[in-house]
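Welcome! Take a moment to look over the sequence and the model below, and then we will walk through a few of the features together.

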Amino acid sequence: MDPLLAFPAGCQAYRGNILHFLNDPGNAPEPEPDSYEYYPDGLLVVHQGRVLATAPAPELISRLPGGTDIRHWPEGLIMPGFIDTHVHMPQLAVMASYGTQLLDWLETYTFPHEARFCQADWARAEASQFLDLLLCHGTTSALVFCTSHPASVNAVFEGAQSRGMALTAGKVMMDRNAPANLTDTARDSYRDSSDLAKRWHNRGRLRYAITPRFAITSSPEQLQLAGELAQAFPDALIQTHWAENTGEIELTRQLFPERHGYLDVYDHYGLLGQNTVLAHGIHIADEDRQRLAQTGTSIAFCPTSNTFLGSGLFDLGSARAAGVQVGLASDVGGGTSLSMLATMAEAYKVCRLRGQTLTPWLAFYLATLGNARVLQQEDQTGNFRPGNQADFVVLDPLGAPITAMKHRAGQSLQELLFVLMILGDDRAIAATAVAGQLVWQRPEADEQSSPLSLTATGA
């Protein structure tokens with residue numbers, strides 16, 4: 001667009017301190033040159049749900065049509081909406097369940113709760129609550145596990161569509177080593193997944209994910225058919241769990257003795273590649289990282305669930321050094337918060353226990369553009385490039401007493417980001433927008449309504 005031309009009628013304008021990433025900033029104290037743009041008093045101009053321009057406010061205000069309302073957050077930090085690369089819609093109620101590790105946690109808490117999602121009304125209510133909670137935590141896009149029931153998948157896609165969200169989700173494929181009211185068969189899972197993909201994949205901003213739960217709960221036939229689904233829907237994503245817990249790894253070895261290792265199970269059935277996101281990847285070797293890098297397969301780093309379930313400490317440094325693309329994920333309900341800020345804080349602690357670090361530059365990159373790249377949606381979300389969908393979050397350093405205490409004049413951008421990622425939570429989210437429309441705004445202290453009733457879409 002000619003910089004001298006006026007913006008079209010009907011555009012929206014949002015003013016505040018604006019930050020977005022153009023590339024991976026690295027993990028050094030100083031970010032890579034030209035890896036981000038920051039405007040201390042910036043303006044984000046949106047038209048028909050997409051970004052028109054982002055620049056210092058004085059450069060753009062004169063081009064706005066007369067009467068354009070400018071929503072202004074003087075202390076706010078406007079960033080692209082957070083993206084979550086691994087989260088379970090049906091597991092909200094099993095968050096903060098006491099005292100077990102992965103396999104026992106599934107049997108004791110997760111499987112009994114997921115059985116309820118065969119009921120369409122229950123699934124719709126839970127999906128609606130889940131999506132509203134994502135939005136009030138500043139998350140506008142996610143890669144989502146449903147249950148083995150098609151009703152759960154339809155519910156989350158219907159809810160995401162009504163909110164305009166970019167969501168990728170899939171039916172869990174699980175034909176063994178799980179309760180009978182949750183298992184399918186290899187053929188049924190193929191049919192159901194294919195039907196759901198035909199209905200929802202690439203419908204608006206929605207995409208389908210082929211979703212075997214993990215190797216333990218899928219027979220060789222089911223994994224074979226999952227690979228055939230990947231061929232039938234080559235631009236669909238693939239999501240599963242991998243190398244999270246030592247007991248899980250040993251049981252997988254027993255179930256697949258003919259394979260060279262856990263990763264080789266997925267590799268053998270054609271489930272690795274640029275569209276694949278493997279959650280966890282804690283207990284792995286250099287040869288695994290090399291194979292991930294060769295195939296373009298990504299890992300979703302899930303720090304809050306890994307520490308809560310006692311699974312182990314992910315080696316972020318080795319993964320990035322090997323060229324593996326890594327995303328950041330909440331993994332609710334093993335994870336303990338839908339907040340990507342809380343997830344960043346736990347990731348920092350995991351790195352410190354590994355003798356590594358995580359700069360705020362890299363953390364916020366991972367939660368935005370980095371995660372968009374993991375989900376193969378960089379051409380639509382993750383930053384404010386003109387033409388991208390205008391999904392954004394407004395972070396308020398004054399939103400909670402502790403962050404307000406830390407916020408001070410003269411604070412550098414790096415210091416601000418670090419305070420938000422270590423001390424921030426849902427109170428730091430002043431507003432969330434999807435495709436340029438404010439779908440959640442933090443209620444004022446004297447308002448009595450629930451924040452979950454404030455979605456502008458009416459969902």
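## A guided look at the model

Asp315 and Arg289 form a salt bridge, with their closest N and O atoms 3.9 Å apart. This pair links distant parts of the chain, since Asp315 sits in the loop between α10 (303–308) and α11, while Arg289 belongs to helix α9, 26 residues apart. Both Asp315 and Arg289 are buried. They also belong to a network of salt bridges that links Asp286, Arg289, Asp315 and Arg354. Please keep in mind that this is a predicted model.

Arg289 brings us to its helix. The buried residues of α9 (residues 286–295) are Asp288, Arg289, Leu292 and Thr295. Viewed down the axis of α9, these fall within an arc of 135°, so they line one face of the helix. In general, an α-helix has 3.6 residues a turn, so residues three or four places apart point the same way. What do the buried residues of α9 pack against? Their partners are β10 (237–242), α8 (262–268), β11 (276–280), β12 (298–301) and α11 (316–321). On the other side of α9, you will find Asp286, Glu287 and Gln294 exposed. After the helix comes Gly296, with a positive phi near 80°.

The structure holds 23 salt bridges.

| Asp315 | Arg289 | 3.9 Å |

Glu158 lies in helix α4 (residues 150–163) and Arg199 in helix α5 (residues 186–200), so the pair ties together parts that are 41 residues apart in sequence. Glu158 is partly exposed, with a relative accessible area of 29%, and Arg199 is partly exposed at 41%. In the remaining pair of the table, Glu378 is partly exposed at 28%, and Arg385 is partly exposed at 32%.

Next, find the strands β2 (residues 36–47) and β3 (residues 50–56), which run antiparallel and are joined by six bridges. One of the residues to look for is His47, whose bridge partner in β3 is Arg50.

Finally, turn to the surface. Ile402, Met405 and Leu423 form a nonpolar patch there, with about 260 Å² of accessible area together. Ile402 is located in helix α14 (residues 401–406), and its relative accessibility of 36% makes it partly exposed.

Note on methods:
Residues numbered from 1 in each chain as written. Predicted model: local features only at pLDDT ≥ 70, side-chain atom pairs only at ≥ 80, totals over all residues. Heavy atoms only, no water. Pairing = 2+ DSSP bridges. Helix = DSSP H or I, 4+ residues; strand = E, 2+ residues; numbered from the N terminus. Buried < 20%, exposed > 50% of the residue type's maximum accessible area, 1.4 Å probe, protein only. Arc of directions from axis to C-beta. Contact = heavy atoms within 4.5 Å. Patch = residues over 30% accessible without salt bridge, like charges linked within 9 Å, V, L, I, M, F, W, Y side chains within 5 Å. Areas by Shrake-Rupley, 256 points an atom, 1.4 Å probe, with all protein chains shown as cover. Salt bridge = Lys/Arg side-chain N within 4 Å of Asp/Glu carboxyl O.
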